[in-house]
Amino acid sequence: MRVLVACEFSGVVRRAFRVLGHNAWSCDLLPAEDGSPHHFRNDVRRVIDFDWDILIAHPPCTHLAVSGARWFKDKQQEQVEALDFVRELLDAPIPHIALENPISIISSHIRKPDQIIQPWMFGHGETKATCLWLKNLPKLVPTNIVDGREARVHKMPPGPDRWKERSRTFEGIAAAMAAQWGAYVADQMKVAA
Ligand SMILES: C[S@@+](CC[C@H](N)C(=O)[O-])C[C@H]1O[C@@H](n2cnc3c(N)ncnc32)[C@H](O)[C@@H]1O
């Protein structure tokens, strides 16, 4: 199965799919943090029509997240562009699509998410509401509900890489995506064959 993980520098989702035998590639304007050869350092719009079976997209939330609402009046053009990028990803010519973002204005400008998940549903004792917009994919089933409701991001020290730590996908969520959506898409491909 050909998997494109858009807007991913960390390789967390890419690796979760590759471990299960899928032909997964990440794409980001930044280099792959793990130095993987299975990474496009590029604008994802340049590789989006390479005949993928599934797209998992993590577009930037800087101008979209409701947590930044106090800055909204100063960045209307940036918001228009960020929403256009989200629309392009959701309209990509790929049969199965998941797009992930925090609670954001995507809900009011495009549509409400299909699901809101938390890291504590997937083995991490932390809170971080993560919305999923899904196209031809089932909702994720929690794999390991754990105690602990810490908001780790608020404790991170300031610094140039803080945004990377805040935006890195949780391993447990990536493993669930690969196991559940990988199996679902494989079944759909068998039915279609
Ligand atoms: C919120 S972060 C997602 C990080 C991701 N969860 C991970 O674990 O690597 C958004 C990423 O989108 C990338 N990005 C922004 N515009 C892009 C574009 N047009 N094509 C590819 N990547 C892009 C940024 O460089 C940034 O790394």
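The entries below go through strands, helices and cysteines.

**Ground rules.** I am working on a predicted model, where local features need pLDDT of at least 70, side-chain atom pairs count only at pLDDT 80 or more, and totals for chains, interfaces and linings use all residues. Residues are numbered from 1 along each chain as its sequence is written, and side-chain values use heavy atoms, with hydrogens and water left out.

**Entry 1, strand S5.** Helices (H or I, at least four residues) and strands (E, at least two) are DSSP runs, numbered from the N terminus. I started with S5, residues 96–101, and asked how many of its residues are buried. I found 6 of the 6 buried, so S5 is largely enclosed by the rest of the structure. Buried means under 20% relative accessible area, exposed over 50%, and partly exposed in between (1.4 Å probe, protein chains only). In a regular strand the side chains alternate between the two faces of the sheet. For S5 I noted His 96, Ala 98 and Glu 100 on one side, with Ile 97, Leu 99 and Asn 101 on the other.

**Entry 2, the neighbours of S5.** Two strands pair if DSSP finds at least two bridges between them. S4 (residues 54–57) pairs with S5 in the parallel sense, over 4 bridges. Leu 55 stands opposite Ile 97, and Ile 54 has His 96 as its bridge partner in S5. The chain gets from S4 to S5 through helix H2 (residues 76–90), in a right-handed β-α-β crossover. Right-handed here means that, with the strands pointing away from the viewer, the path from the first strand over the helix to the second runs clockwise. S7 (residues 130–135) also pairs with S5, but in the antiparallel sense, over 5 bridges. There, Ala 98 stands opposite Leu 134.

Val 3 has Ile 54 as its partner in S4.

Which residues of H2 are buried? I wrote down Gln 79, Ala 82, Leu 83, Phe 85, Val 86, Leu 89 and Leu 90. What covers them includes S1, S4, S5, helix H3 (106–109) and S7.

Arg 14 sits in helix H1, residues 12–19. Is this arginine buried or exposed? At 2% relative accessibility, Arg 14 counts as buried. Contact means heavy atoms within 4.5 Å. Leaving aside neighbours within four places in sequence, the contacts of Arg 14 include Glu 8, Trp 25, Asp 34 and His 38.

Cys 7 is buried at 18% relative accessibility, and Cys 27 is buried at 1%.
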